Amino acid sequence: MTRYGPMYGPDFTFLGVPACDWEEPETYADADVVILGAPFDGGTSHRPGARFGPQVIRGTDYLPHDGSRPHMAMRVDALSGDLTVKDAGDLEVFSGEIQRSCDTIEDAVAFVASHGAVPVVLGGDHTVTWPDVAGVARHHGAGRVSVIHFDAHADTGDIEFGSLYGHGQPMRRLIESGAVRGDRFLQLGLRGYWPGPETLDWMADQGMNSFHMSEIVDRGLDSVLDQAFAIALDDCDGVFLSVDIDVCDPGHAPGTGTPEPGGFTARQLLDSVSRICHELPVVGMDIVEVAPPFDHADITAMLGNRVVLEALSGMARRRKDAGGPRWNRATPLLSGRGSADAPPPSVSDPQR
């Protein structure tokens with residue numbers, strides 16, 4: 001089932017993009033991306049509230065909700081012109097029924113993917129990544145989609161609080177199901193004191209690639225991303241990007257259920273998401289664990305919104321690059337702009 005707008009609060013789409021109904025493909029036949037809300041936090045182990053995440057991710061912005069966001073650096077408008085993005089509203093999920101809710105999410109994601117659009121899911125707690133990725137894999141093929149996962153926590157627990165399902169276990173369930181390969185599962189930003197050695201041993205046995213913050217700091221984020229990209233593209237047809245907002249330090253994302261000090265800055269996360277969606281064939285994405293009840297001054301809500309915008313802008317730039325000169329991140333902001341007699345960008349710094 002779908003809803004026209006958020007389950008909680010007023011009816012609006014992501015920054016004013018057109019609405020659609022995921023159950024009626026003709027309403028998004030021209031869409032490159034379909035946004036789906038998954039307001040489920042029934043798998044939360046600590047502080048609940050992520051069910052309200054989709055609403056704030058859609059709407060937290062100081063600019064008009066006009067369905068347009070030109071990216072100053074990438075020179076694309078991912079919401080208008082360079083991509084076609086539509087919002088199918090929130091899926092009807094009930095936090096008291098994990099299995100039913102996950103089945104609803106998986107069916108919707110698989111249906112959208114099968115009709116040619118990239119599903120972008122707004123969570124919800126990290127439980128929803130299990131059906132999100134499973135739905136994309138149902139369309140593209142089991143083991144054909146790699147996963148790049150930003151998180152403070154590995155989410156590879158087995159039985160937590162007496163249950164196989166929850167926000168601490170989706171990655172194990174995905175690998176065990178065969179939807180994705182353990183050796184094509186990339187995790188960045190892990191830190192803290194969970195999980196323990198037994199679970200880490202299981203992760204190693206699956207061939208997972210899990211980058212702790214200490215390794216990222218020592219090697220440099222770009223170096224780790226380069227390695228992750230090479231692995232993700234090896235014998236896979238596409239990439240699913242999963243962003244748990246708690247990958248960022250609580251100073252940059254206080255509104256989350258299980259905050260862990262010592263994480264990414266907002267800048268590092270946005271740059272990483274932009275790179276992934278620009279450089280890799282992303283076939284699905286989710287952003288999870290934005291919990292507004294614990295936010296302050298919309299810090300986390302704004303970051304969540306910008307994660308989605310950077311991802312969409314990266315996808316749009318990737319498409320534009322396929323038909324012309326490739327965008328260079330080092331290009332000065334105003335290069336090649338202005339009067340007709342302004343010098344064009346140099347060959348070493350190609351821009352349109």
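Student: Where is Gly124 found?
Tutor: Gly124 sits in the loop between β5 and α3. Helices here are DSSP runs of H or I with at least four residues, strands are E runs of at least two, and both are numbered from the N terminus. Before we go on, this is a predicted model, where local features need pLDDT of at least 70, side-chain atom pairs count only at pLDDT 80 or more, and totals for chains, interfaces and linings use all residues. Residues are numbered from 1 along each chain as its sequence is written, and side-chain values use heavy atoms, with hydrogens and water left out.

Student: OK. What is the peptide bond from Gly123 to Gly124 like, cis or trans?
Tutor: That bond is cis, with omega near 20°. The peptide bond from Trp194 to Pro195 is cis as well, with omega near 5°. Pro195 lies in the loop between β7 (185-190) and α5 (197-205).

Student: And why point those out?
Tutor: Because most peptide bonds are trans. Likewise, most residues other than glycine have a negative phi.

Student: Which residues have a positive phi here, then?
Tutor: Glu289 has one of about 70° although it is not a glycine, and Ala297 has one near 55°. Glu289 is in the loop between β10 (282-288) and α9, and Ala297 is also placed in the loop between β10 and α9.

Student: Is Ala297 buried or exposed? And Glu289, buried or exposed?
Tutor: Ala297 counts as exposed because its relative accessibility is 67%. Glu289 is buried, with a relative accessible area of 2%. The cut-offs are under 20% relative accessible area for buried, over 50% for exposed, and partly exposed in between, using a 1.4 Å probe and protein chains only.

Student: New topic. Where does UniProt place a "binding site"?
Tutor: The unreviewed UniProt entry puts that feature at His126, and the annotation also covers Asp151, His153, Asp155, Asp244 and Asp246. UniProt positions follow the numbering used here, feature names are shortened, and annotations may be inferred rather than shown by experiment.

Student: What does the side chain of His126 make a polar contact with?
Tutor: The side chain of Asp244, at 3.2 Å. A polar contact is a pair of N or O atoms within 3.5 Å; within protein, one must be able to donate a hydrogen and the other to accept it, and residues adjacent in sequence count only if both atoms are side-chain atoms. His126 is in the loop between β5 (118-123) and α3 (129-140), and counts as buried because its relative accessibility is 0%.

Student: What about Asp246, what does that touch?
Tutor: Leaving out residues up to four places away in sequence, Asp246 touches Asp151, Ala152, His153, Arg191, Thr256 and Thr258. Contact means heavy atoms within 4.5 Å. The Asp246 side chain also reaches the backbone nitrogen of Ala152 at 3.1 Å. Asp246 is buried, at 1% relative accessible area.

Student: And where is His153 found?
Tutor: In the loop between β6 (145-150) and α4 (170-177). At 12% relative accessibility, His153 counts as buried. Beyond its neighbours within four places in sequence, its contacts include Leu190, Trp194 and Glu260.

Student: Last one: what volume does the largest pocket have?
Tutor: About 510 Å³. Of the 19 residues lining that pocket, the closest to its centre are Pro70, His71, Met72, Arg306 and Glu310. A pocket is an open set of points on a 1 Å grid over the protein atoms alone, where a 1.4 Å probe fits, with protein on both sides within 12 Å along at least five of seven lines; lining residues have an atom within 4 Å of a point. Grid points are joined across faces, edges and corners, and the volume is the space filled by probe spheres set on the points.

Student: Which helix gives the most to the lining?
Tutor: α9, with five residues.
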